[in-house]
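Thanks for coming. I'll take the strands, then the helices, then the confidence. Have a look at the model.

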Amino acid sequence: MTARLPVFPLATVLFPGLVLPLHIFEERYRALVRHLVGLPEGASREFGVVAIQAGWEVAPAGPGSRPTPAGGDVTLHEVGCTAELRQVTELADGGFDIVTVGRRRFRIAEVDEHAAPYLTAEVEWLPEPAGADEVADLLAARVIAVFRQYLGLIRSDPEEISEQLPEDPTVLSHLVAATAALTVDDRQRLLAIDDTAARLRAELRLLNREAALLRQVRAVPVPLAELASPPTPN
């Protein structure tokens with residue numbers, strides 16, 4: 001089954017069930033928010049969040065112009081996740097602060113750059129596991145144990161380490177993928193895995209890798225977002 005979705009390219013990966021707040025300042029995405037808000041009551045207010053694989057989209061140069069790539073064509077990953085609009089705050093300058101929640105995964109079949117001021121895409125919905133899975137349940141218990149050890153290496157507050165983790169294996173797999181200090185490529189590979197047990201196995205390998213590195217250097221890595229940001233002027 002396919003559907004047509006507005007697409008929002010971002011330098012991040014969204015997972016089902018995870019909250020994603022966004023500050024909307026570019027006119028093309030303001031138009032997207034206005035479109036979603038204007039849908040009839042009860043309609044699905046979703047758009048697709050897709051991580052950028054290569055390149056970077058910049059704001060259009062003038063009125064009526066379309067998104068233009070900087071330094072070559074923008075390449076998107078094939079698998080993304082819809083973001084459901086939950087809260088909208090309109091700002092004095094015409095922009096928006098919005099709160100969204102990841103809902104369902106999809107694979108891009110075709111991108112259309114001309115149907116709207118923003119990108120749209122024909123997408124195929126990806127399957128989600130249903131029912132009990134004994135293997136996933138066993139792996140979830142192992143992931144919880146390793147994830148708590150990992151949190152103990154990167155957090156100094158014991159209360160943060162003792163936080164409640166979901167028992168549902170699929171929900172747990174998405175939470176771990178979104179909150180561990182992984183690269184966008186690592187997160188993207190996890191998002192693209194259809195089987196919960198396979199995703200949990202991959203997360204065990206990644207968590208053990210990250211924990212081993214942390215123990216070796218005995219240092220907490222600086223978040224990638226901070227490395228990419230210029231220093232704040234005094």
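Val 88 stands opposite Ile 98 in E6. That belongs to the pairing of E5 with E6, antiparallel over ten bridges. Two strands count as paired if DSSP finds at least two bridges between them. Strands here are DSSP runs of E, at least two residues, and helices are runs of H or I, at least four, all numbered from the N terminus.

Some ground rules. This is a predicted model, so local features need pLDDT of at least 70, side-chain atom pairs count only at pLDDT 80 or more, and totals for chains, interfaces and linings use all residues. Numbering starts from 1 along each chain as its sequence is written, and side-chain values use heavy atoms, without hydrogens or water.

Back to the strands. E5 and E6 form a hairpin with five residues between them. Gly 94 sits in that turn, with a positive phi of about 95°. E6 (residues 96-112) also pairs with E2 (residues 19-24), antiparallel, over six bridges. There, His 23 has Asp 97 in E6 as its bridge partner. E7 (residues 120-125) pairs with E6 too, again antiparallel over six bridges. Asp 112 stands opposite Thr 120 in E7.

Now the helices. What does H4 pack against? One partner is H6: the axes of H4 (residues 169-179) and H6 (residues 196-217) come within 10 Å and cross at roughly 35°. Axes are lines fitted to C-alpha atoms, for helices over the stretch in contact, with angles from 0 to 180 degrees between N-to-C directions. H2 (residues 134-154) is another: its axis and that of H4 come within 10 Å and cross at roughly 30°. In contact (heavy atoms within 4.5 Å), Ala 136, Val 143 and Phe 147 are among the H2 residues, and Leu 172 and Val 176 among those of H4. That contact divides into eight nonpolar, one polar and one charged. Nonpolar means Ala, Val, Leu, Ile, Met, Phe, Trp, Tyr, Cys and Pro; charged means Asp, Glu, Lys and Arg; the others, Gly among them, are polar.

Last, confidence. pLDDT is the predictor's confidence in each residue, from 0 to 100. The chain mean is 84, and 81% of residues reach 70 or more. Strand E5 (residues 79-90) is highest at 97, and helix H7 (residues 224-227) is lowest at a mean of 49. Over residues 226-234 the pLDDT is below 50, with one contact beyond near neighbours in sequence. Where pLDDT is low, the predicted coordinates should not be read in detail.
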